[in-house]
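Visitor: I would like to learn how to read a structure feature by feature. Where do we begin?

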Amino acid sequence: MPPVSDEFEAFWRERHLCTLTTVRPDGTPHVVPVGATMDFENGVARVITSGDSAKVRHILKAGSAPAALCQVDGRRWSTVEGRAVVVQDAEAVADAENRYAQRYKTPRVNPRRVVIEITVTKVLGTVK
């Protein structure tokens, strides 16, 4: 993950909904609203979701796929880009659920839940 400011870290800890952009097999963007968390130490953004969602299918079809997360608050905005993978092991899912609960609220029970992990390689926005 590129170096980021304290302001960036604070912005990604505030409660904001995000958009996640993945790429469909035909090359067009698939953009959906999500809750996301940022692991600054490891440079990884995480999204919890159902394993049968379209965003998961797009990433799994590619094995690893480009993805972007964006959040906006008035004139403040930040986008992180990187490579996304789907992680299904129970420990990773539990960790992502805990991170989600800290930023948003305890997620509903979902036995099909997986984690989309994006290794952040680029940061854009007014908050970097």
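Guide: We begin with the polar contact. A polar contact is a pair of N or O atoms within 3.5 Å; within protein, one must be able to donate a hydrogen and the other to accept it, and residues adjacent in sequence count only if both atoms are side-chain atoms. Here, the side chain of Arg 113 reaches the backbone oxygen of Arg 108 at 2.9 Å.

Visitor: What should I know about the model itself?

Guide: This is a predicted model: local features need pLDDT of at least 70, side-chain atom pairs count only at pLDDT 80 or more, and totals for chains, interfaces and linings use all residues. Residues are numbered from 1 along each chain as its sequence is written, and side-chain values use heavy atoms, with hydrogens and water left out.

Visitor: In which strand does Arg 113 lie? Is Arg 113 buried or exposed?

Guide: Helices (H or I, at least four residues) and strands (E, at least two) are DSSP runs, numbered from the N terminus. Arg 113 lies in strand S7. Buried means under 20% relative accessible area, exposed over 50%, and partly exposed in between (1.4 Å probe, protein chains only). Arg 113 has a relative accessible area of 9%, so it is buried.

Visitor: Which residues is Arg 113 in contact with, leaving aside neighbours within four places in sequence?

Guide: Contact means heavy atoms within 4.5 Å. On that basis Arg 113 is in contact with Ile 48, Thr 49, Ser 50, Val 93, Glu 97, Pro 107 and Arg 108.

Visitor: Which residues line the second largest pocket?

Guide: The idea uses a 1 Å grid over the protein atoms alone: a pocket is an open set of points where a 1.4 Å probe fits, with protein on both sides within 12 Å along at least five of seven lines, and lining residues have an atom within 4 Å of a point. Arg 113 is in the lining, together with Gly 35, Ile 48, Thr 49, Ser 50, Tyr 100, Pro 107, Arg 108 and Asn 110. Strand S4 gives the most, with three residues. Grid points are joined across faces, edges and corners, and a volume is the space filled by probe spheres set on the points. For this pocket that is about 190 Å³.

Visitor: What is the volume of the largest pocket? Which element supplies the largest share of its lining?

Guide: The volume is about 230 Å³. Helix H3 supplies the largest share of the lining, four residues. Helix H1 (6-13), strand S3 (37-39) and helix H3 (90-103) each supply at least two. Among the lining residues are Trp 12, Phe 40, Glu 41 and Arg 103.

Visitor: Now a single residue. Where is Thr 22, and is Thr 22 buried or exposed?

Guide: Thr 22 lies in strand S1 (residues 18-23). Its relative accessible area is 2%, so Thr 22 is buried. A polar contact of 3.3 Å joins its side chain to that of His 58. Thr 22 also touches Lys 55 and Ile 59, among others.

Visitor: Which residues of helix H2 are buried?

Guide: In H2 (residues 54-62), Lys 55, Val 56, His 58 and Ile 59 are buried. Seen down the axis of H2, they fall within an arc of 160°, so they line one face of the helix. The arc is that of the directions from the helix axis to the C-beta atoms. Their cover includes S1, S2 (29-34) and S4 (44-50). After H2 comes Gly 63, with a positive phi near 90°.
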